[in-house]
Each structure stands twice: as C-alpha cells, then as structure tokens.
Amino acid sequence: MAGVEIDSGLDEGLIWHFGNPVTEARALASGEGVVDLRNREVVEISGADRLDWLHNLTTQHMAQLAPGEATTALILSPTGHIEHVLHGVDDGESFLAWTEPGRAAALIEFLERMRFATRVEVARREDLRVVWAGHKVPLDPQWRVRDSDLGGVEAFVPVGAEVEPTVGTWAFDALRVAAGVPRIFVDTDHKTIPNEIGLVGTHLNKGCYRGQETVARVHTLGRPPRRLVQLHLDGSLSQLPEVGAPLEYNGRTVGFVGTSARHHELGPIALALLKRNVPVDAEVLAGGIAASQEVLVDPDVGLHVRPVLS
C-alpha cells in the first residue's frame, strides 16, 4: 500500500503512515519495520586526527571511540546553548553522522573554521540517506549502521539502494516520545542547554569543551532553568498541539510543545520544555489542550530519567 505523505513542515515528504499506524507501532515494538528518514542530512569527517579533533570540539568522549560504537555529540555555544548535533558512528577510517534537516551546511561551515592544521576533512554526503530499521530486519552488511536510542539501528544507505519503508513517522514519533527521547531543534530551541534535556550527549567528566562552564555550573547547582517533560494530553479531543505551541499554567506562558503524537497504548502524548518552577503535578495547557506531566528531568537535581524500552 502506498503511504500517506506529510504535506508540510520540517518532515514534508516523509511517509506519515501506511494506513494502519497501530499495526505499524506494534511492528516497531516487536523489532520489525523500516522507517524512511531521508530528510536527515549526512556528514562525513575523515582524516587521521578526526576523533581527537571531535573530542576537543564536542561534549562527547570521542578520542577512544571504537569502530561501530554509536555516539551522539553536541556542539555548544560559548554560553552552553546547543548549536549543532551529530548522531554518528566511526568505522576506523571516517566518522559518519546525521544531523537534522537544513542543519548540515551550518555544521560544516563551523567545522571547517575549526580545522586549522589538523589532518581532517569534512564533507556532505548527499549520496547517502538514513533509514531506521528494527533489530530483526536484515540489512546489507556493507551499509554502515549505528545503534538507535529507540532500539534497532539507523543505517546510512546509498540513495539508490532498494530498501522498502514499512512504517511511517506517526508510529516512529510516538515510539520516540513515549521513550522520552528529544529531537534536537524540534523539542529544543536556540536557548536550550544540555541540562534541560537530561544532558543528552554530554559528559561531565570530560575535559574542556566550549560551553562546559555553563553545563557544569547548572549541574552543580542542580536546577536547570527549564526541564523536558512528557505530556499526557486530553484524549477526548481529536487535535494535537502543533510544534512550538505555548504551554500555559495559571494564565501565563511557561514553555512550549515539541513533538506530539498518538501512541497506540498511551494515547495522545507530547514532549515539551517548561520552566523548572512549575509544580511537577500541575496540569498545564498545551496549545489549549489540557495535559498532565510525566517527569523526565528532575527540577531539583537535573538528572535525566528515561523510560526503559522493553
């Protein structure tokens, strides 16, 4: 069956569903299913100095990264705000990573400025696209893959390769939101610091990196300005809040909604960033829709609590 495409927004052109999102969601849960993520942009970093160089630039331990080991690295501003993200894997010769749609050019520009005399080359790989596949799905052994935060793998697939998607973003986003995994630049904004989303990709015992002072200070104090939450939305309504919709509490705006989705078991859910001083048991309005909170980032200690995938 032909899939229904998303007709607007960041993921325009991706398949939303193939007719039965519940069946697709169950396929994902059982380790089956392939999701087309071709709008993710792929960057390759090669050269003998690449891992030491990335170690110095990013929030992630990279110097001793083993071939085949998946990693997520953030590049922060001097004040600790998230500017770039790389979801990558090294094969012993090059580091291949994907970033969000429309973000590769700025990422490459930044990396090129930071090369100096290092033996590093940075290139956009428009000949590759990204697919997510369940762990039971057989893949071409020549494709480079990285373990996904959602189980299964993300595969870097040649654009012309035959790989048939069977699950749309409806079920895939629902899986991600239920797992409490934020999508950088969708569930975050230009002011987001790693502490607010649970220090994803950030290591506090690592050496110096740009923006580290902010991350360390907020972690020591234990009180991020905002916190990532999972919202359980009023299921009696047919609509979902749009990305960026305001979160309101007691008549004032206290944050914004990121991804929302309909989960086959949990019902309508969403990820959101809201001010840390909003009580964790308070009901909020997400784009005008009543919602309760599930804590993902503790407002007092800044530690990330992520649901465990079965």
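The dialogue below takes up a glycine, a helix and a pocket.

Tutor: This is a predicted model, in which local features need pLDDT of at least 70 and side-chain atom pairs count only at pLDDT 80 or more, while totals for chains, interfaces and linings use all residues. Residues are numbered from 1 along each chain as its sequence is written, and side-chain values use heavy atoms, with hydrogens and water left out.

Student: Why is G244 called partly exposed?

Tutor: Buried means under 20% relative accessible area and exposed over 50%, with partly exposed in between (1.4 Å probe, protein chains only). G244 has a relative accessible area of 44%, so G244 is partly exposed.

Student: Where does G244 lie?

Tutor: G244 is in the loop between β12 (226-233) and β13 (246-249); helices (H or I, at least four residues) and strands (E, at least two) are DSSP runs, numbered from the N terminus.

Student: Which residues does G244 touch, not counting residues up to four places away in sequence?

Tutor: G244 touches F256 and V257 on that basis, where contact means heavy atoms within 4.5 Å.

Student: What makes helix α2 largely enclosed by the rest of the structure?

Tutor: In α2 (residues 50-57), 6 of the 8 residues are buried, so the helix is largely enclosed. The buried residues are R50, L51, W53, L54, H55 and L57. They pack against several elements, including β4 (41-46) and α3 (104-113).

Student: Which element gives the most to the lining of the largest pocket?

Tutor: β14 does, with 5 residues; lining residues have an atom within 4 Å of a point of the pocket, which is an open set of points on a 1 Å grid over the protein atoms alone, where a 1.4 Å probe fits, with protein on both sides within 12 Å along at least five of seven lines.
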